[in-house]
Amino acid sequence: MSWIAEVKAKHTIVSAFSLLGMQGRRMRYGPCPACGAVRTAQDSRPPVRASGRHSWWCNACQQNGDILDLVSYSLWGYSSKQADFKELKKFFLDRDHIKPPEYKPDDNMSQHPPQGQVKWLLDEAYMMDDQQTPDEVWDYIHKRGINPIGGSARCANKTLDHGQLRWVSNSSGKKMPWWPTAWVNLYPIILPMYDHNGQLRSLHGRSVDPNARRKTSAPLGFSAKGLFFMNQKAIHMCRGEYEPKEVWIVEGEIDFMSLEQFTDEEDITVIGIKAGSLNDNLLPIPPNAKIFICTDPDDAGDRYAQKIIRQYSGNTLMRVRHG
Ligand SMILES: [Zn+2]
């Protein structure tokens, strides 16, 4: 593949906007690399539109082009037809250093995605209060009464090259990265998932689209089997570094985030479960800790509650109603 084909396979116009430090939301970015405008006289939004996967158009100066033109305007002020292609190539190669860690042979790919790559996706994701976090993600969380600052949820980073993650087969046998590129938009909220020893094992994606066909997803080919959402105290408990007096078990990422936000002021340990979380590997909850079960008031929530009650029969347990 030529380096230009590689650049186009790797970057969308939006990821190229980010490479150049342009700021924006909902497909409108600025300042324009050609004219420098941050808005037009008629419109307070940034002037540069993503007009296709690889093309852009400035509403202020009417300049337009592809990814190479965008970078060329930014570096030299003219389109790529006049550009020094060696310099353009160097611009992209210099920025290709953000690569996920390689798959290690000791990663147990039968159970979890490669640990280093999970960590990379989370480390490179945005904090929820970062200005790269789209309005719709922030609004979605805020409308649910959640202040995500300091929580474990992150906003997926659109500029990462997901094609470099380890590829796995999907259910119809097609090979894809274990967290496909399209999921950055489908599941913009990502949360870490830990095993009963408090080790980071996987991540969990959440959609903010009310019409989404699927609201959440585990990595391709993997489930949440034996994995949990955990606040810092829960991680410390599982690593044997902390003995909680109260452990709260909630169902799903939204309830987890809702309770997690109070864990700085309230000294509580919060565990979030999904379908499959409760297998035979027990969380090391001390026998004298009270367990508050806040699963949903439906059949699945009742089943989870019954299982927790059986698994931790030595503890004082309380079912907390919510809704
Ligand atoms: Zn312009």
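What you have is a predicted model, in which local features need pLDDT of at least 70, side-chain atom pairs count only at pLDDT 80 or more, and totals for chains, interfaces and linings use all residues. Residues are numbered from 1 along each chain as its sequence is written.

**Domains**
- The protein splits into domain 1 (3–96), domain 2 (115–217) and domain 3 (229–319), with bounds that come from an automatic or database domain assignment.
- Across their boundary, 18 residues of domain 2 are in contact with 16 residues of domain 3 (contact means C-beta atoms, placed from the backbone, within 7 Å).
- On the domain 2 side, strand 9 and strand 10 (200–206) are the elements that give two or more residues, and strand 9 gives the most, with three. Strands here are DSSP runs of E, at least two residues long, numbered from the N terminus.
- That side of domain 2 is made up of six nonpolar, ten polar and two charged residues. Ala, Val, Leu, Ile, Met, Phe, Trp, Tyr, Cys and Pro count as nonpolar, Asp, Glu, Lys and Arg as charged, and the others, Gly among them, as polar.

**Cores**
- The largest nonpolar core has 53 residues, and I190, M193, F228, M230, I249 and I271 touch the most other members. Such a core is a set of buried Ala, Val, Leu, Ile, Met, Phe, Trp, Tyr and Cys residues joined through C-beta atoms within 7 Å, where buried means 20 or more other C-beta atoms within 10 Å of a residue's own, C-beta atoms being placed from the backbone.
- Strand 9 (residues 189–194) is the top contributor to this core, with five residues.
- Domain 2 and domain 3 each supply at least three residues to this core.
- Leaving aside residues up to four places away in sequence, I249 touches I271, I273, I291, I293, C294 and I308.
- Another core, of 18 residues, lies apart from it and includes F17, M22, L68 and Y73.

- Strand 3 (residues 48–50) and strand 4 run antiparallel, joined by three bridges, and a hairpin connects them through four residues. Strands pair if DSSP finds at least two bridges between them.
- R49 stands opposite W57 in strand 4.
- Strand 4 (residues 55–58) has W56 and C58 on its covered face, with S55 and W57 on the uncovered one.
- Three bridges also join strand 4 to strand 5 (residues 64–66), again antiparallel, and S55 has D66 as its bridge partner.

Technical notes
Buried ≥ 20, exposed ≤ 12 C-beta atoms within 10 Å, placed from the backbone. Contact = placed C-beta atoms within 7 Å.
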